[in-house]
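Please walk through the following model with its backbone and helix packing in view.

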Amino acid sequence: MRIIHSPRHALHDGGMELHRGALVPCFEMPARVDHILAAVARAGWRVEPPREYPDAVLAGVHDADYLAFLRGAYAQWRAEGREGFMLPGAFPARGLRRDRVPTGLHARLGYYAFDAGSPIVAGTWQAAQAAAHCALTAADLVAAGERSAYALCRPPGHHAGRGMFGGYCFLNNAALAAQRLRDAGLARVAILDVDYHHGNGTQDIFWQRDDVPFVSIHGDPDTEYPFYLGHADERGAGAGDGCNHNFPLPRGTDWTRYAATLEQALERIAGHAPQALVVSLGVDIFEGDPISQFKLQAADFPRLGARIAALGLPTVLVQEGGYAVAEIGDNVAAVLAAFD
Ligand code: OKP
Ligand code: ZN
């Protein structure tokens with residue numbers, strides 16, 4: 001298994017998130033990567049750095065004004081005499097204007113965010129850029145003929161839309177990987193998102209497209225984050241009508257139920273006859289996850305990997321969530337081993 005990782009992920013650290021009314025250290029922390037790297041080493045896989053890419057590549061899935069905001073936000077924060085992490089406190093919800101981008105920094109922070117759980121710190125842009133480069137490198141390896149490659153991305157990406165951040169995500173690493181494979185000439189690239197939380201950003205990016213079908217299994221948004229997207233009746237629009245497939249499942253879902261839904265999800269993917277697959281690999285479906293409510297056991301992750309690998313598609317695996325820090329490495333490695 002080819003593993004792509006950058007130590008620059010650690011530059012994104014020190015922020016707090018608003019969690020059920022209290023400011024707490026982010027569950028999405030650098031130590032997650034240390035545990036994944038340890039498990040990768042135990043498995044005997046070598047770790048490679050990402051290649052460098054111009055920022056123009058990011059514009060393949062993100063709006064130019066959003067990228068400019070992310071790139072410059074923290075420097076402007078400092079220029080205004082502030083320190084520490086940035087969190088928004090107001091959002092353009094219904095009844096408020098979203099047709100113009102405000103000029104003030106805090107106004108723009110809320111304009112581009114959709115939650116108060118995704119702090120921006122001094123190194124956030126550099127870390128997000130490095131994570132995106134990991135995903136792009138993994139995509140380039142698979143485009144060049146590798147059977148699979150794993151991008152150890154941090155911060156994660158699947159909640160980041162064309163022009164919004166949230167859910168710990170700033171740049172949509174999986175979407176960038178899929179777009180990269182498309183640009184390399186593959187006609188259809190499917191995305192399977194198995195993270196506990198619906199990949200609202202990925203759905204947003206490919207909603208009107210038929211070349212990147214999106215299939216997601218996740219906690220029911222009626223009660224689970226990100227709450228306002230991810231229902232089964234969301235099928236895509238325009239050319240993308242019928243290319244978006246959501247499988248919301250209730251709290252407490254165990255492997256037996258999950259596996260039955262996974263079969264349906266894999267059938268949908270096969271139905272689109274893609275040339276390659278991108279997996280948004282969140283292992284927060286583990287029963288011990290502190291912010292999620294499914295009940296998969298450690299022994300279920302090799303099964304998950306085996307079922308996905310059995311599609312037989314060239315596959316880019318992109319790290320998303322997983323907050324049971326002590327177990328995240330073994331759970332990720334168990335999935336990856338199925339592709340080795
Ligand atoms: C990211 B990924 C607001 C934030 C609530 C956000 C969870 C993000 C999960 N307090 N928590 O999909 O694993
Ligand atoms: Zn998640």
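Helices (H or I, at least four residues) and strands (E, at least two) are DSSP runs, numbered from the N terminus. The structure is a predicted model, in which local features need pLDDT of at least 70 and side-chain atom pairs count only at pLDDT 80 or more, while totals for chains, interfaces and linings use all residues. Residues are numbered from 1 along each chain as its sequence is written, and chains are lettered from A and ligands numbered from 1 in the order in which they are written.

Begin with the cis peptide bonds. Another cis bond joins Arg-154 to Pro-155, with omega about 0°. Pro-155 belongs to the loop between β5 (148–151) and α5 (173–183).

Positive phi values come next. Arg-20, a residue other than glycine, has a positive phi near 50°. The loop between β2 (16–19) and β3 (22–25) holds Arg-20. A residue is called buried if 20 or more other C-beta atoms lie within 10 Å of its own, exposed if 12 or fewer, and partly exposed in between, with C-beta atoms placed from the backbone. Arg-20 is exposed because 5 other C-beta atoms lie within 10 Å. Ala-273 is not a glycine either, and its phi is positive at about 45°. Ala-273 is in the loop between α7 (255–271) and β9 (276–281), and it counts as exposed because it has 10 other C-beta atoms within 10 Å.

Now turn to the helices. Two packed helices are described by the angle between their axes and the distance between the axes. Axes here are lines fitted to C-alpha atoms, for helices over the stretch in contact, and angles run from 0 to 180 degrees between N-to-C directions. Helix α4 (residues 124–143) packs on α5 at an angle of about 30°, and the axes are 8 Å apart. The crossing of these two helices, α4 and α5, is right-handed; a crossing has that hand if the near helix is turned clockwise from the far one by less than a right angle, and is left-handed if anticlockwise. Two residues are in contact if their C-beta atoms, placed from the backbone, lie within 7 Å. By class, the contact of α4 with α5 has 12 nonpolar, 1 polar and 2 charged residues. In this classification Ala, Val, Leu, Ile, Met, Phe, Trp, Tyr, Cys and Pro count as nonpolar, Asp, Glu, Lys and Arg as charged, and the others, Gly among them, as polar.

Which residues are buried in α8 (residues 300–309)? They are Asp-300, Phe-301, Leu-304, Gly-305, Ile-308 and Ala-309. Asp-300 counts as buried because 22 other C-beta atoms lie within 10 Å. The buried residues of α8 pack against β6 (189–193), α7, β9 and α9 (325–337). The axes of α8 and α9 come within 7 Å and cross at roughly 35°, and this crossing is right-handed. Phe-301, Pro-302, Leu-304 and Gly-305 of α8 meet Asn-331, Ala-334, Val-335, Leu-336 and Ala-337 of α9. The contact of α8 with α9 divides into 7 nonpolar, 2 polar and no charged residues.

Leu-296 lies in the loop between β9 and α8. Leu-296 is buried because it has 25 C-beta neighbours inside 10 Å. Residues up to four places away in sequence aside, Leu-296 touches Trp-255, Tyr-258, Ile-285, Phe-286 and Glu-287. Leu-296 and Gly-252 are 44 residues apart in sequence, and their C-alpha atoms are 9.1 Å apart in space.

Finally, the ligand. A residue is near a molecule if its C-beta atom, placed from the backbone, lies within 6 Å of it. Of the 17 residues around ligand 1, Asp-115, Gly-117, Gly-167, His-197 and Gly-321 come nearest. The shell around ligand 1 consists of 5 nonpolar, 7 polar and 5 charged residues.
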